[in-house]
Amino acid sequence: MPVIRPFKCVRPAKDKVSAIAALPYDVYDRKEAKAVVEANPLSFLKIDRGETQFPDDTDMYSSQVYECARDTLKEMIEDGLFVTEEEDCYFLYALTRDGRTQTGIVGCASVDDYLEGRIRRHENTKEDKEQDRICHVDALNAQTGPIFLAYRRQEELDRIVEEVHKEVPLYDFTSEDGVRHQVFKIEARLEAAGKIGEIFARIGCVYIADGHHRAASAVKVGLKRRRERPDYDGTEEFNYFLSVLFPAEDLKIFDYNRVVTDSDSIGTGKLMDEIRKYFYIEERDTMFRPGRKGEMGMYRDGKWYCLTAHKELYTGDPVDDLDVSILQNKILEPVFKIQNPKADPRLRFVGGIRGLEELVRLADESGEIRVAFAMYPTSMEELLAVADSGRLMPPKSTWFEPKLRSGLFIHLL
């Protein structure tokens, strides 16, 4: 059964936490990341993205970049910008956005649980993205961005979370994107800490909600350390990786939309004929956001349409029944010849947090004829069903908000 254990956390000094805590490294491109660090020199992004401290023509995957990140973290710890717990602890991490709060338990998950399927995946990873984080974790000898895990609700854990929430938080700040972040410490000596590990040990499995590349990289660094230390006994920190675990029922998935940037090879009339084979089409006067499963919005040539999938397309298969799968299998592949959505440069993915206006902007830019698709969000139950079946979703099927901040919790290996 899954092992979730406390750890000796390295965390920001209280008066620096709001400046240090940063959005995950992969929500920025290189230019955006550098701008963030220039505006806020304490941002943890300068560690997560070491290339921000080099000229723009520096290879962002060079050893000097990872070594710089390692040295920067060491200097910040030595300068008192971080503190290190003297004993193993769990933490609660509560994020509040638009009046809605989700609270996760911070601890370390097991490499073996990942390898043996007790930590279930729903997404493939790309080797180049894995390699980047492998080099980062290996150079720093630390995990700096937690893996976003989910579990099916446990009333016993709910009661523990409720009691800990009554305490004074270790941190309480609101980030620039309007998200309130609260952190509470649960010392290992407390009764609640012992119960947390026991309850997770009774759960059959937990699920990766977000952070597949970070999880795969952490596991591969752990395996590398095992090869280097053939006498390891399983208690070493490299056998575990930093995680935050939330009840699946509390999580919100946003839509993950698509823009086809080379769609002028097919006229609007032909496009509609092809789509009509599998969807009912209704033109809309304004921007259209899907309101239920089976609906998609489509924008082309200044017009919005509601596409409603024919009911017979849904067969009960956990992957094929995903709306993103139906879009791929019935429109993107047969009509636009996009066979590999993960690698085709004509397909752009747009997180729903950016709004429908971003789809219009991308579809209209450069004077090209482009088409945008607005999706109804994948549900958590769909995600769990795919993971339980041992299957994988199409790429970019889910967008979670709010994002967990990096630099709040550091796990040294």
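How are α7 and α8 oriented to each other, roughly parallel or roughly antiparallel? The axes of α7 and α8 cross at roughly 155°, and the two helices are therefore roughly antiparallel to each other. Angles over 145 degrees count as roughly antiparallel, under 35 as roughly parallel, 65 to 115 as roughly perpendicular and the rest as oblique.

This is a predicted model, in which local features need pLDDT of at least 70, side-chain atom pairs count only at pLDDT 80 or more, and totals for chains, interfaces and linings use all residues. Residues are numbered from 1 along each chain as its sequence is written, and side-chain values use heavy atoms, without hydrogens and water.

| Helix pair | Axes come within | Crossing angle |
|---|---|---|
| α6 (residues 127–140) and α9 (residues 212–228) | 8 Å | roughly 55° |
| α7 (residues 155–164) and α8 (residues 191–202) | 10 Å | roughly 155° |

**α6 and α9.** The crossing at roughly 55° makes α6 oblique to α9. α6 passes α9 in a right-handed crossing (near helix turned clockwise from the far one by less than a right angle; left-handed if anticlockwise). From α6, the contact (heavy atoms within 4.5 Å) takes in K129, E130, R133, I134, V137 and D138. α9 supplies H213, A216, S217, K220, V221, K224 and R225. Four of these contact residues are nonpolar, two polar and seven charged. Asp, Glu, Lys and Arg count as charged, Ala, Val, Leu, Ile, Met, Phe, Trp, Tyr, Cys and Pro as nonpolar, and the others, Gly among them, as polar.

**α7 and α8.** Here α7 passes α8 in a left-handed crossing. E156, L157 and I160 of α7 meet A192, K195, I196, I199, F200 and R202 of α8. This contact has six nonpolar residues, no polar ones and three charged.

Note on methods
Axes are lines fitted to C-alpha atoms, for helices over the stretch in contact, and angles run from 0 to 180 degrees between N-to-C directions. Helices (H or I, at least four residues) and strands (E, at least two) are DSSP runs, numbered from the N terminus.
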